[in-house]
Amino acid sequence: MNNKTKGESHLENILAKRKGFGGYRYLKKIDKDLIDFSSNDYLGLAKINEINSIPSKFVDNGAAGSRLLSGNKYYHEELENHLSGFFNARASLIFNSGYMANLGVLSSVPQKGDTVLMDELSHICIKEGVRLSRAKYFNFKHNDLNDLELKLQKAEGNKFIVVESVYSMDGDQAPLKEIVNLADRYEAAIIVDEAHSTGLYGESGFGLCCELGIEDDILARIYTFGKATGAHGAAVCGSEILKEYLINYSRQFIYTTALPYHSIASIQNALEYRKHHPELWEKLKDNIDLFRSNLHPSIPKLDSFHPVQGIIWDSSENTIEFSKYLNELGFDIRPILSPTVPKGKERVRICLHAFNSEEEITNLCHRINQYFQ
Ligand SMILES: Cc1ncc(COP(=O)(O)O)c(C=O)c1O
């Protein structure tokens with residue numbers, strides 16, 4: 001009996017090609033004995049019981065519908081009010097994930113005849129979102145204001161600049177203040193994905209835009225809660241008009257079941273916890289300094305002062321070999337291959353955490369230095 005379902009062989013052929021190129025993806029079993037240098041749980045909040053063990057106050061923990069139907073519970077609205085205060089915004093709208101929030105904004109806000117200019121290193125959900133809109137779009141060179149300006153000069157219709165405050169694979173920051181100045185001159189709107197600064201930057205973890213005091217210059221700020229906040233979900237912060245617009249036009253908001261109570265409560269708890277524990281971020285900054293100062297200067301490391309660190313390689317094969325070496329020594333570290341990062345810039349991504357001990361970090365650096373000797 002042929003045990004393949006119709007259509008499977010076609011998929012198998014495509015997968016075989018990917019295997020040939022060395023970029024084959026698979027789900028790796030979590031080895032609890034390895035030291036975590038790979039999760040985005042930068043502050044360790046995902047591991048804290050008082051944030052995540054939430055008594056079920058409601059019979060209907062699940063929202064059981066879209067926010068526009070029966071799923072609009074008072075706990076969503078309470079959290080949105082809280083987020084507006086926390087992120088200093090006139091309004092906030094919760095999305096089910098950062099991926100959906102970016103798709104939701106970028107597919108609905110720019111219109112046919114408009115132009116979107118996005119940093120070439122933007123996360124795939126930004127690129128996908130823009131593709132779903134009917135606007136024209138162009139990449140500008142990473143963090144290159146001259147290239148952005150050249151593209152702004154040619155842009156038609158309403159203009160949108162899209163950046164991440166901190167880049168997910170490089171750990172560097174967008175020059176946000178300069179982008180605000182440029183946008184003013186060309187009457188462009190700015191959209192900032194704060195995924196990797198939420199929970200870290202700013203006094204209470206309110207992100208880079210608030211820390212720089214430019215929040216009113218940004219049309220939409222996207223905060224995600226699955227990284228330093230250790231929970232799940234996302235919010236778009238901006239004006240009441242933006243919120244009303246997204247409620248009316250963002251398909252990723254309209255046609256999906258709202259987050260359950262548990263997710264909403266863990267976001268709220270995590271933000272409160274972070275606010276009262278600034279020492280976590282201080283400890284993490286010390287760990288970043290420790291890591292960078294213990295690596296030999298010749299090591300090709302990322303130019304990052306964020307918990308996202310990395311060692312750059314020139315091919316998938318070298319990156320995989322290096323990550324296997326570190327895994328065998330007990331470190332949970334993952335290779336990041338093309339097409340997730342540009343070809344020739346494959347890397348081993350190293351995420352530092354507040355909970356990584358001094359010994360773990362110096363040991364890791366020692367092993368990296370040894371490999372390059
Ligand atoms: C820059 C950036 N934006 C958005 C996302 C998506 O966020 P979420 O994991 O909440 O869907 C990610 C996650 O990898 C990211 O790195």
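Where is N143 found?

Reply: N143 is found in the loop between β4 (136-140) and α6 (145-154). Helices (H or I, at least four residues) and strands (E, at least two) are DSSP runs, numbered from the N terminus. This is a predicted model, where local features need pLDDT of at least 70, side-chain atom pairs count only at pLDDT 80 or more, and totals for chains, interfaces and linings use all residues. Residues are numbered from 1 along each chain as its sequence is written, and side-chain values use heavy atoms, with hydrogens and water left out.

N143 is not a glycine, yet its phi is positive, about 55°. Its relative accessible area is 23%, so N143 is partly exposed. The classes run as follows: buried is under 20% relative accessible area, exposed is over 50%, and partly exposed is in between (1.4 Å probe, protein chains only).

E187 also has a positive phi, near 50°, and is a residue other than glycine. E187 sits in the loop between α7 (176-186) and β6 (188-193). Its relative accessibility is 70%, so E187 counts as exposed.

Two further loops deserve a look. S338 and P339 are joined by a cis peptide bond, with omega about 10°. P339 belongs to the loop between β11 (334-336) and β12 (347-351). A46 lies in the loop between β1 (35-36) and α2 (49-52). A46 counts as partly exposed, at 39% relative accessibility. Its C-alpha atom is separated by 24 Å from that of C209, 163 residues away along the chain.

Next, a strand. Strand β8 spans residues 234-238, and five of its five residues are buried, so the strand is largely enclosed by the rest of the structure. Both of its faces are covered. A234, V236 and G238 are buried on one side, A235 and C237 on the other.

β8 has strand partners. It pairs with strand β2 (residues 91-95) in the antiparallel sense, over five bridges. Pairing here requires that DSSP finds at least two bridges between two strands. β8 also pairs with strand β7 (residues 220-224), again antiparallel, over four bridges. A234 links to both sides: it is the bridge partner of F95 and of T224.

Now the ligand. There are 13 residues around it, and G98, Y99, D193, H196 and K227 come nearest. A residue counts as near if one of its heavy atoms lies within 4 Å of the molecule. Helix α4 (residues 98-108) gives the largest share of this shell, three residues.

Several polar contacts can be listed (a pair of N or O atoms within 3.5 Å; within protein, one must be able to donate a hydrogen and the other to accept it, and residues adjacent in sequence count only if both atoms are side-chain atoms). A polar backbone atom of G98 is 2.8 Å from an oxygen atom of the ligand. For a polar backbone atom of Y99, the distance to a ligand oxygen is 2.9 Å. K227 uses its side chain: an N or O atom there is 3.0 Å from a ligand oxygen. Taken alone, the ligand exposes 390 Å², and the protein buries 81% of that. Accessible areas come from the Shrake-Rupley method with a 1.4 Å probe; for residues, only the protein chains shown count as cover.

Last, the rings. The whole structure holds 17 aromatic pairs. Rings of Phe, Tyr and Trp (its six-membered ring) pair if their centres lie within 6.5 Å; planes under 30 degrees apart count as stacked, over 60 as edge-to-face and the rest as tilted. Y75 and Y261 form an edge-to-face pair, 5.2 Å centre to centre with 70° between the planes. Y75 lies in helix α3 (residues 74-86) and Y261 in helix α11 (residues 261-276), so this pair ties together parts that are 186 residues apart in sequence. Both Y75 and Y261 are buried.

The ring centres of Y325 and Y371 are 4.5 Å apart and the planes meet at 45°, so that pair is tilted. Y325 is in helix α13 (residues 316-328) and Y371 in helix α14 (residues 358-372), so parts 46 residues apart in sequence are tied together. Y371 is partly exposed, at 28% relative accessible area. Ring pairs link W313, F322, Y325, Y371 and F372 into a cluster.

Charges sit over rings too (NZ of Lys or CZ of Arg within 6 Å of the ring centre and within 35 degrees of the ring normal). K19 lies over the face of Y24, 4.8 Å from the ring centre. R292 lies over the face of F305, at 4.5 Å from the ring centre.
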